[in-house]
Amino acid sequence: MEVVNNNKQFAIIGLGRFGSYVAKNLYDMGYDVLAIDKNMQKVEDFSYEVTHVVQADSTDEESLRELGILNFDVVVVAIGEDIEANIMTTLQLKEIGVKYIVAMARNPLQIKVLTKIGADRVVAPERDMAQRVAFNLASTNVMDYIELSKEFSIAEITVPRAFINKTLVESDMRAKYNINVVAIKRGDKVIISPRPDEKLHQNDIVVVVGENDNINELESLD
């Protein structure tokens with residue numbers, strides 16, 4: 001994957017399954033990644049996977065400052081097992097003045113707490129994946145689905161038969177369904193911000209953003 005801007009620096013705190021996956025993928029995309037965990041064995045096991053790996057107590061403000069945590073554009077708190085450490089780390093990062101904090105939550109109460117103490121974004125991997133799987137199972141034409149809020153989502157939808165060989169203007173998705181097409185997947189090719197006169201082909205997948213009710217209505221078209 002080609003990355004246009006890989007100047008951002010990321011710090012990932014917690015090397016469980018989620019943290020390790022995020023750290024490795026960001027590194028593979030060309031970003032500088034600092035991985036932090038209090039467990040020395042995890043640090044040693046992950047020592048060759050990203051730019052830097054260190055053993056540290058993320059609930060300790062002095063340790064975070066010594067790591068230069070303020071130099072990072074995004075800090076991801078991916079501590080899953082120890083809820084107290086997750087919350088305390090997020091709080092320390094907020095008080096220190098980290099630019100952007102992403103915190104992982106396991107349950108609705110943890111989501112509320114992390115949001116209230118200042119996490120810029122809270123992710124709940126198990127909940128989010130369950131929602132996506134359920135939506136995909138229930139929707140025949142939806143390839144993938146990401147909820148942006150309770151009202152809005154991004155979805156990948158197989159082009160309805162009624163739109164095949166029509167341009168985006170002719171399909172009238174924006175006017176009829178208040179949906180924006182942000183990309184078209186055509187085999188191995190991806191067309192970003194397609195032109196209004198781009199014709200839709202059979203087996204195309206459109207990446208759309210809009211209100212959930214409107215996406216559901218579009219998905220139900222044959």
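**View 1. Helices H4 and H5 in the predicted model.** The axes of H4 and H5, lines fitted to C-alpha atoms over the stretch in contact, come within 9 Å and cross at roughly 20 degrees, with angles running from 0 to 180 degrees between N-to-C directions. H4 is therefore roughly parallel to H5, a term for angles under 35 degrees. Helices here are DSSP runs (H or I, at least four residues), and strands (E) have at least two, numbered from the N terminus. This is a predicted model in which local features need pLDDT of at least 70 and side-chain atom pairs count only at pLDDT 80 or more, while totals for chains, interfaces and linings use all residues. Residues are numbered from 1 along each chain as its sequence is written, and side-chain values use heavy atoms, without hydrogens and water.

**View 2. Residues between H4 and H5.** Ile83, Asn86, Ile87 and Thr90 of H4 meet Gln110, Val113 and Leu114 of H5; contact means heavy atoms within 4.5 Å. These residues comprise 4 nonpolar, 3 polar and no charged.

**View 3. The largest nonpolar core.** This core has 23 residues, and Ile13, Ile69, Val75 and Leu93 have the most contacts inside it. A nonpolar core joins buried Ala, Val, Leu, Ile, Met, Phe, Trp, Tyr and Cys residues through side-chain atoms within 4.5 Å, buried being under 20% relative accessible area with a 1.4 Å probe, protein chains only. Elements giving two or more residues include strand E1 (9-13), helix H4 (83-96) and helix H5 (108-116). H4 gives the most, with 3 residues.

**View 4. Surroundings of Ile69.** Leaving out residues up to four places away in sequence, Ile69 touches Ala11, Ile36, Leu64, Val75, Leu93, Ile96 and Val98. A second, separate core of 19 residues includes Phe10, Val43, Val53 and Val74.

Key. Buried means under 20% relative accessible area, exposed over 50%, partly exposed in between (1.4 Å probe, protein chains only). Angles under 35 degrees count as roughly parallel, over 145 as roughly antiparallel, 65 to 115 as roughly perpendicular and the rest as oblique. Ala, Val, Leu, Ile, Met, Phe, Trp, Tyr, Cys and Pro count as nonpolar, Asp, Glu, Lys and Arg as charged, and the others, Gly among them, as polar.
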